[in-house]
Amino acid sequence: MILPLMVMILSLKYLRKSWQFKDSGITGSTTITLDPNSAHRRLLLSKENRKVAIKRQDDAFVPHPDRFTYWYQVLGRQSLTGRSYWEVERRGGGVFIAVTYKNISRAGSENECILGFNDKSWALKCDNNSYMFWYNKQCRPVSGPQSSRVGVYLDHKAGILSFYSVSETMTLLHRVQTTFTQPLHAGLWLLGSSGVSAEFNEPSSENF
């Protein structure tokens with residue numbers, strides 16, 4: 001009975017100290033930075049492109065074929081093909097925390113451009129009251145403790161994608177077992193208006 005419980009609810013202090021998932025072999029965390037060329041023109045990047053927020057108004061921007069033109073979305077620069085772990089801290093509203101193939105469509109409002117609404121992306125919608133997992137326009141309610149921080153674990157080769165609620169403890173929210181056919185990129189979709197933000201955070205160094 002103890003082992004399944006440890007798999008589902010991991011001690012955050014222990015996890016950050018050793019960064020060892022017994023069922024995955026992951027060691028360390030992955031630094032994610034956001035790609036300015038992919039960011040919608042109403043998104044403001046800061047903290048060395050690790051934080052994104054919705055701006056109050058449009059500013060001058062440089063057109064780019066990688067830029068999302070309708071939804072408030074942005075992708076990470078890093079191409080993810082191995083084992084990776086990162087955390088996202090959200091503020092002020094709902095955020096879709098996702099992984100996607102780089103060739104997701106960017107121009108327009110169609111489902112092909114929306115994180116979690118096509119067969120190229122997987123996303124966990126997080127807000128102050130609930131979680132929902134989205135893939136290919138299908139959604140599934142996810143139960144678990146509410147937290148402003150979500151951890152994402154990816155084992156590309158094994159086809160495993162896991163989302164965790166992170167606080168004093170780390171609780172598995174949802175796990176996907178599939179086959180990834182291309183490198184993946186982290187992605188964010190910010191919902192609402194100005195004041196909503198999300199940031200890729202490193203684990204606290206004092207816990208290593």
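Tutor: The chain averages a pLDDT of 87, and 84% of its residues score at least 70; pLDDT is the predictor's confidence in each residue, from 0 to 100. This is a predicted model, in which local features need pLDDT of at least 70 and side-chain atom pairs count only at pLDDT 80 or more, while totals for chains, interfaces and linings use all residues. Residues are numbered from 1 along each chain as its sequence is written, and side-chain values use heavy atoms, with hydrogens and water left out.

Two stretches call for caution. Over residues 3–26 the pLDDT stays under 50, and the model has 54 contacts there beyond four places in sequence, a contact meaning heavy atoms within 4.5 Å. Residues 204–208 also have a pLDDT below 50, with eight contacts in the model beyond near neighbours in sequence.

Now to the sheet. Its six strands follow the order β4-β13-β6-β7-β8-β9, with antiparallel pairing. Strands here are DSSP runs (E, at least two residues), numbered from the N terminus, and two of them pair if DSSP finds at least two bridges between them. β4 (73–75) and β9 stand at the edges with a single partner strand each, so one side of each is left without a neighbour in the sheet.

Let's start with β8, residues 131–135, where four of the five residues are buried, meaning under 20% relative accessible area with a 1.4 Å probe, protein chains only. Five bridges link β8 in the antiparallel sense to β7, residues 121–126, and L124 has F133 as its bridge partner in β8. Four residues lie between β7 and β8 in their hairpin. On to β9, residues 138–142: five bridges join this strand to β8, again antiparallel, and M132 has P141 as its bridge partner. The hairpin of β8 and β9 has two residues between the strands, and N136 in the turn has a positive phi of about 55°.

L75 and L115 are 40 residues apart in sequence, with their C-alpha atoms 10.0 Å apart in space.

Methods. Buried < 20%, exposed > 50% of the residue type's maximum accessible area, 1.4 Å probe, protein only.
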